[in-house]
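This report describes selected local features of one structure, with the cut-offs behind each term.

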Amino acid sequence: MPMSDGESAALFNLGALHDDPDAGQFDLAEALRCYRLAAARGNDMAQFNLGVMYDLGRGVEQDATRAARWFYCAALQGNASAQNNLGVMVEHGEPGAGHLVRAAEWYRLAAAQGNAEAQCNLAAMYLHGRGVGQDHARALALYCASAQQGNGEAQAWVDAIAASLNN
């Protein structure tokens with residue numbers, strides 16, 4: 001019998017409980033088991049968390065390929081954090097034809113959902129013309145949007161750009 005969205009969400013929540021050292025039930029092996037069950041049933045947050053676990057080697061052997069696969073699964077479902085992380089992996093992975101364009105596309109999808117990290121990452125691409133046409137106005141707008149959400153790196157860029165305009 002297929003699992004309902006509610007059951008998948010419950011598995012994700014149980015995994016998150018075991019993934020939180022402050023929750024009193026910290027057990028990465030159990031978190032991994034719950035995330036895998038929920039992810040296999042299409043839970044994008046579980047897929048994202050599995051990507052993070054493989055990316056950082058938390059409870060599993062570090063594996064960039066598996067991390068990218070899980071981020072990709074979650075990104076296809078519209079998970080903005082996964083889209084941003086996939087963009088980072090594509091941008092900083094082995095160079096190949098069009099990799100910067102693909103990275104910018106992942107960032108663009110996440111930035112459109114208001115993801116502050118993606119806004120900052122995409123702004124840097126516009127600032128330097130990496131994977132997109134150089135566009136300082138668009139870069140500044142993205143840095144401002146990210147900074148308004150508390151992104152310190154973006155705020156530093158806004159300050160630096162403002163200082164350069166005042167000189």
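**Asn79 and its surroundings**

A polar atom of the Asn79 side chain lies 2.9 Å from the backbone nitrogen of Ala82; a polar contact is a pair of N or O atoms within 3.5 Å, where within protein one must be able to donate a hydrogen and the other to accept it, and residues adjacent in sequence count only if both atoms are side-chain atoms. The model is predicted, with local features requiring pLDDT of at least 70 and side-chain atom pairs pLDDT 80 or more, while totals for chains, interfaces and linings use all residues. Residues are numbered from 1 along each chain as its sequence is written, and side-chain values use heavy atoms, leaving out hydrogens and water.

Asn79 belongs to the loop between helix H4 (64-76) and helix H5 (80-92); helices are DSSP runs (H or I, at least four residues), numbered from the N terminus. With a relative accessible area of 6%, Asn79 is buried (under 20%; exposed is over 50%, partly exposed in between, with a 1.4 Å probe and protein chains only). Beyond its neighbours within four places in sequence, Asn79 is in contact with Asp44, Met45, Phe48 and Ala74 (heavy atoms within 4.5 Å).

**Helices H3 and H4**

Among the H3 residues that meet H4 are Asp44 and Phe48, and the H4 residues involved include Ala74. The axes of H3 (residues 44-56) and H4 come within 8 Å and cross at roughly 160°.

**Ala9**

Ala9 is found in helix H1 (residues 5-18) and is partly exposed, at 29% relative accessibility. Its C-alpha atom is separated by 30 Å from that of Ala104, 95 residues apart along the chain.

Terms used:
Helix = DSSP H or I, 4+ residues; strand = E, 2+ residues; numbered from the N terminus. Axes fitted to C-alpha atoms, helices over the stretch in contact; angles between N-to-C directions.
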